[in-house]
Structures are given as structure tokens and as C-alpha cells.
Amino acid sequence: RKAYSAKGAGRRATRAGFDDEVNKAMTPLDRCGFLLARFEEDPLCEPFLEPVDLESFADYAEAVDHPMDLGTVRRKLTIGGTKGYREETAFIRDLKLVWTNCKKYNHRDSPIWHTADLCQRGMERLYQNWVL
């Protein structure tokens, strides 16, 4: 089962596999952590775990204004405070950047573009069902 599959994504009562009482006790940022883990554990997301290697892709910095990767999102989610996320809207903005940056830099016909598109659609669905 892929991390962002539609199977079970529409069941609001079992967000992240927890029962209703646990869900009520979790903050939206707590649920963001579980959403992020779904992507971190998916083999398709391996290219997005670390920052883009600027030595291998020298023109990336010219094409993308605000680089973002899943590892950076995890660090910002973990540290919280003024250097991390204070609300789920900042988290989702950065997570969207991971996918939109990839789609901006890569050609629409490339496999990585389609992977990012699939992840972005899955992220939006899971965010709506788990976090909000």
C-alpha cells in the first residue's frame, strides 16, 4: 500500500490510524507529523528526503527560489518555536514546495515530475482528511 493511496484516505474518524479519542487529543501539527511520516516511509519519495544536490544540478538554484525537501520539513516540524512551524498552514506551505519545486524544475514528461504530481495530490487529500 502506497503512503498516499486513496485506500482509507477518506475515513476522517481514523486519522493516521488512531481512534477518535486519540485524534481529539492531537493538535493539527501532531497530525502533520503523521502525514509527513507517510511520505518519508514511501520508496517513491526517496528523491525528496534530502536537499537537491547543487553540484549535480547546478542550474537548480536559478530555477527554484525556495528549495525545500522532506528532511527540512521534518527538522522544522521537530524544532517548533520561532525557527519551526507554529501552525499547520506553514507546514503545508513548505510540503507543497517540495512537489511544486520538482515540477517547476523538471520536464512534465519526466518520471520525477509525475511522481511529484502524484505525491502532491496525495498530500492534499491526506491534509484535508487528517489535519483539518
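Biologist: How do the residues lining the largest pocket divide into nonpolar, polar and charged?

Modeller: There are 11 nonpolar, two polar and three charged ones. Nonpolar covers Ala, Val, Leu, Ile, Met, Phe, Trp, Tyr, Cys and Pro, charged is Asp, Glu, Lys and Arg, and the others, Gly among them, are polar. Keep in mind that this is a predicted model, where local features need pLDDT of at least 70, side-chain atom pairs need 80 or more, and totals for chains, interfaces and linings use all residues. Residues are numbered from 1 along each chain as its sequence is written, and side-chain values use heavy atoms, without hydrogens or water.

Biologist: OK, how much space lies in that largest pocket?

Modeller: About 280 Å³, counted as the space filled by probe spheres on grid points joined across faces, edges and corners. Of the 16 lining residues, P47, F48, V52, Y60 and N106 are the closest to the centre. A pocket is an open set of points on a 1 Å grid over the protein atoms alone where a 1.4 Å probe fits, with protein on both sides within 12 Å along at least five of seven lines, and lining residues have an atom within 4 Å of a point.

Biologist: Which helix gives the largest share of the lining?

Modeller: Helix α5, residues 88-105, with four residues. Helices here are DSSP runs (H or I, at least four residues), numbered from the N terminus; strands are E runs of at least two.

Biologist: Stepping back, how many helices and strands does the chain have?

Modeller: Six helices and zero strands. From the N terminus on, the order simply reads α-α-α-α-α-α.

Biologist: And what share of the chain counts as buried?

Modeller: 42% of the 132 residues. Buried means under 20% relative accessible area with a 1.4 Å probe, protein chains only; exposed is over 50%, and partly exposed is in between.

Biologist: Back to α5. Which of its residues are buried?

Modeller: Quite a list: A90, F91, I92, D94, L95, L97, V98, W99, N101, C102 and K103. Their cover includes α2 (28-40), α3 (60-63), α4 (70-79) and α6 (111-131).

Biologist: Why does A90 count as buried?

Modeller: Because A90 has 13% relative accessibility. Its C-alpha atom is separated by 9.9 Å from that of K76, which is 14 residues away along the chain.

Biologist: Let's look at F48. Where does F48 lie?

Modeller: In the loop between α2 and α3. F48 is at 6% relative accessibility, so it counts as buried. Setting aside residues up to four places away in sequence, F48 touches D69, L70, G71, V98, W99, C102, I112, T115 and A116, where touching means heavy atoms within 4.5 Å. F48 and C102 sit 54 residues apart in sequence, yet their C-alpha atoms are 8.9 Å apart in space.

Biologist: What share of the contacts in the chain do residues 24 or more positions apart account for?

Modeller: 67% of the contacts with a separation of 6 or more.

Biologist: Now V73: buried or exposed?

Modeller: V73 is buried, at 0% relative accessible area, and lies in helix α4. Beyond neighbours within four places in sequence, V73 contacts L36, M68, Y85, F91, D94, L95 and V98. One of those, D94, is 21 residues from V73 along the chain, with 6.7 Å between their C-alpha atoms.

Biologist: Last one: which residues of α2 are buried?

Modeller: L29, R31, C32, G33, L35, L36, A37, R38 and F39.
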